[in-house]
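Please look through the sequence and the model shown here before reading on.

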Amino acid sequence: MHEDGNGDGHRVAAQVTPVCADQEFLALERELTVLLRRARASQGEMAREVHPDLESAAYGLLVRLDEHGRQRATELAGYIGVGKATMSRQLRALEELGLIAREPDPADGRAWLVTLTDEGRGRVGKVREARRARYVSQLAHWDRGEVAELARLLHELNRGMEK
């Protein structure tokens, strides 16, 4: 905010030039690119820690099931953003590795619910705990309020991207 040029004390919003705004969004894009590149590499490592034959992309499915319990394959496909065929292939591979099980949906006999097996839950839990320990170590010099604020902002970003 600044006073207008006539000095009458009225305040008006300062104009943000497109160049200035572009710089902020370019910086955001740059930092997200680095973060996502590192996250993809980390996801591959975590997937291999769960099971040596686990595809990197399947790790997110296991985390979703760990956090939200059993779900329909269509819900998982929508959340991850893949088609039915891709989801079916990934679920089949996870089932063959003994990490998930499918059971008929009591609400709809044509649908299946996917859930983690005890083996899957145990393996995912160990990897997630190790991941959290790395975050604690890497961010030990941060104030806990800053960590909470970062989590809140990332949550808002993710929610906004769902729309």
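**Strands and helices in a predicted model**

Asp105 stands opposite Asp108 in strand β5, where strands (E, at least two residues) and helices (H or I, at least four) are DSSP runs numbered from the N terminus. This is a predicted model, in which local features need pLDDT of at least 70 and side-chain atom pairs count only at pLDDT 80 or more, while totals for chains, interfaces and linings use all residues. Residues are numbered from 1 along each chain as its sequence is written, and side-chain values use heavy atoms, with hydrogens and water left out.

**The sheet**

- Three strands form an open sheet in the order β3-β5-β4, with antiparallel pairing, and two strands count as paired if DSSP finds at least two bridges between them.
- The edge strands are β3 (71-72) and β4 (100-105), each of which pairs on one side only.
- Strand β5 (residues 108-116) is joined to β4 by six bridges, and these two strands form a hairpin with two residues between them.
- Ile100 stands opposite Leu116 in β5, while the bridge partner of Glu103 in β5 is Leu113.
- β3 is joined to β5 by two bridges, and the two strands run antiparallel; here the bridge partner of Arg72 in β5 is Leu113.

**The helices**

- Helix α2 (residues 58-68) and helix α4 (residues 84-96) pack at an angle of about 75 degrees, with their axes 10 Å apart; axes are lines fitted to C-alpha atoms, for helices over the stretch in contact, and angles run from 0 to 180 degrees between N-to-C directions.
- α2 and α4 are therefore roughly perpendicular to each other, a term that covers angles of 65 to 115 degrees.
- Ala58, Leu61 and Leu62 of α2 make the contact with Met87, Gln90, Leu91 and Leu94 of α4, where contact means heavy atoms within 4.5 Å.
- The residues of this contact of α2 with α4 divide into six nonpolar, one polar and no charged.
- α4 also lies across β4 and β5, running at about 120 degrees to β4.

**A charge and a ring**

- The charged end of Arg64 sits over the ring of Tyr79, 3.8 Å from its centre; this requires NZ of Lys or CZ of Arg within 6 Å of the ring centre and within 35 degrees of the ring normal.

Methods. Angles under 35 degrees count as roughly parallel, over 145 as roughly antiparallel, 65 to 115 as roughly perpendicular and the rest as oblique. Ala, Val, Leu, Ile, Met, Phe, Trp, Tyr, Cys and Pro count as nonpolar, Asp, Glu, Lys and Arg as charged, and the others, Gly among them, as polar.
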